Amino acid sequence: MRRAAAAALLLLAGCGDGGADRAERLRAAGPNPGVTALLRIADARQGERLFHACAACHAIRKGAPDRNGPNLFGVVGAPVAGVSPRFGYTAALQRVGGTWTPERLDAWLKRPQAFAPGTSMGYPGLPDPLARADLIAYLRAQH
């Protein structure tokens, strides 16, 4: 099931918003844009579309129950391994500590196993930096 969810997310990321809009947004971000520049041009609607694959394991509504993963409502600014007090986070994620900033979410979404070696998150990562920014923009809007 985790592989199917990861495959679906990668497929959606590959679809992207495509074409001229994507190219225009990337031009607006400037040459070699980092997370901050990409977040300035991020599209939360695209992020919401990407989140549909995440929804196989994660809810994102206030008070919604956890699934195979924690409810992500209010994740931006929340403690790492602490957004949902009911969820049993791995020791690997608990060791990371700190809070979920956009930069940390970007690193997590890029390669969860590199961010928190030993995490149980079976998702391989989202290689497209613009797709990650779009997803983070959507997560930021959910508070």
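## Around helix 8

Beyond its neighbours within four places in sequence, Arg132 is in contact (heavy atoms within 4.5 Å) with Asp106, Leu109, Lys110, Leu126 and Pro127. This is a predicted model, in which local features need pLDDT of at least 70 and side-chain atom pairs count only at pLDDT 80 or more, while totals for chains, interfaces and linings use all residues. Residues are numbered from 1 along each chain as its sequence is written, and side-chain values use heavy atoms, leaving out hydrogens and water.

- Arg132 sits in helix 8; helices here are DSSP runs of H or I with at least four residues, numbered from the N terminus.
- With a relative accessibility of 5%, Arg132 counts as buried, a label given under 20% relative accessible area, with exposed over 50% and partly exposed in between (1.4 Å probe, protein chains only).
- The Arg132 side chain reaches the backbone oxygen of Pro127 at 3.0 Å.
- Asp128 belongs to the loop between helix 7 (112-115) and helix 8, and at 15% relative accessibility Asp128 is buried.
- The side chains of Asp128 and Arg22 are joined by a polar contact of 3.0 Å; such a contact is a pair of N or O atoms within 3.5 Å, and within protein one must be able to donate a hydrogen and the other to accept it, with residues adjacent in sequence counting only if both atoms are side-chain atoms.

**Helix 6 against helix 8**

- The axes of helix 6 (residues 102-110) and helix 8 (residues 129-141) come within 10 Å and cross at roughly 130°; axes are lines fitted to C-alpha atoms, for helices over the stretch in contact, and angles run from 0 to 180 degrees between N-to-C directions.
- That angle makes helix 6 oblique to helix 8, since under 35 degrees counts as roughly parallel, over 145 as roughly antiparallel, 65 to 115 as roughly perpendicular and the rest as oblique.
- Pro102, Leu105, Asp106, Leu109 and Lys110 of helix 6 meet Arg132, Leu135, Ile136 and Arg140 of helix 8.
- By class, this contact of helix 6 with helix 8 has five nonpolar, no polar and four charged residues; Ala, Val, Leu, Ile, Met, Phe, Trp, Tyr, Cys and Pro count as nonpolar, Asp, Glu, Lys and Arg as charged, and the others, Gly among them, as polar.

**Helix 4 against helix 8**

- The axes of helix 4 and helix 8 come within 7 Å and cross at roughly 90°, so the two helices are roughly perpendicular to each other.
- On the helix 4 side the meeting residues include Leu50, Phe51 and Cys54, and on the helix 8 side they include Leu135, Tyr138 and Leu139.
- The residues of this contact of helix 4 with helix 8 divide into nine nonpolar, two polar and two charged.

**Leu39 in helix 3**

- Leu39 lies in helix 3 (residues 35-40) and is buried, at 16% relative accessible area.
- Leu39 and Asp134 are 95 residues apart in sequence, yet 7.3 Å apart in space, C-alpha to C-alpha.
- Leaving aside neighbours within four places in sequence, Leu39 touches Pro102, Ala133, Ile136, Ala137 and Arg140.

**Two positive phi values**

- Most residues other than glycine have a negative phi.
- Asn32, which is not a glycine, has a positive phi of about 45°; Asn32 is in the loop between helix 2 (19-29) and helix 3 and is exposed at 79%.
- Ala81 has a positive phi near 60°; Ala81 lies in the loop between helix 4 (44-54) and helix 5 (91-96) and is buried at 19%.
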